[in-house]
Amino acid sequence: MEGHSVISPEVLARYALDAAAEVPGVHARHRRGARVAGREVEVHLVVDYGASIPAVAAAVQQSVAEYLLRMADVRPATVSVVVDDVERP
């Protein structure tokens, strides 16, 4: 097969976590996990105390979508962000 490659969902999930960690307001030491099923991405994370959760979630959605497109030529249909906790200082 010429020009065909497959990237595992686990690698795509790691890419999603890496992209989320770059967003200000995401508590990098407490990233929870990510799951990729088809074109659906779900990222679990911890937000820094005082950060705007809606703003952080929107930035994570955009960052993950752009990162997956750039790194793996994957355009997710949805990127769901689940805030599991808020890290107090």
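This is a short chat about one predicted model.

Q: What kind of model is this, and which pLDDT do local features need?
A: It is a predicted model; local features need pLDDT of at least 70, side-chain atom pairs count only at pLDDT 80 or more, and totals for chains, interfaces and linings use all residues. Residues are numbered from 1 along each chain as its sequence is written, and side-chain values use heavy atoms, with hydrogens and water left out.

Q: OK, strands. How many bridges join strand 2 to strand 3?
A: Nine, and the two strands run parallel. Strand 2 covers residues 40-48 and strand 3 covers residues 78-87. Strands pair if DSSP finds at least two bridges between them. Helices (H or I, at least four residues) and strands (E, at least two) are DSSP runs, numbered from the N terminus.

Q: What stands opposite V46?
A: D85, in strand 3.

Q: And which unit do strand 2, helix 2 and strand 3 make?
A: A right-handed β-α-β unit, with helix 2 at residues 53-72. Right-handed means that, with the strands pointing away from the viewer, the path from the first strand over the helix to the second runs clockwise.

Q: New topic. How many aromatic pairs does a search of the whole structure find?
A: One. The ring centres of Y15 and Y67 are 5.9 Å apart and the planes are at 75°, so the pair is edge-to-face. Rings of Phe, Tyr and Trp (its six-membered ring) pair if their centres lie within 6.5 Å; planes under 30 degrees apart are stacked, over 60 edge-to-face, the rest tilted.

Q: Which parts does the pair tie together?
A: Y15 lies in helix 1 and Y67 in helix 2, so the pair ties together parts 52 residues apart in sequence.

Q: Is Y67 buried or exposed?
A: Buried, because its relative accessibility is 12%. Buried means under 20% relative accessible area, exposed over 50%, partly exposed in between (1.4 Å probe, protein chains only).

Q: Where is D73, and is it buried or exposed?
A: D73 is in the loop between helix 2 and strand 3. D73 counts as exposed, at 66% relative accessibility. Its phi is near 55°, a positive value in a residue other than glycine.

Q: What about V6, buried or exposed?
A: V6 is exposed, with a relative accessible area of 71%. V6 sits in the segment before helix 1 (9-21). V6 and A72 are 66 residues apart in sequence and 9.3 Å apart in space, C-alpha to C-alpha.

Q: Last one: which residues does V43 touch?
A: Among them are A16, L17, V64 and V81, not counting residues up to four places away in sequence. Contact means heavy atoms within 4.5 Å.
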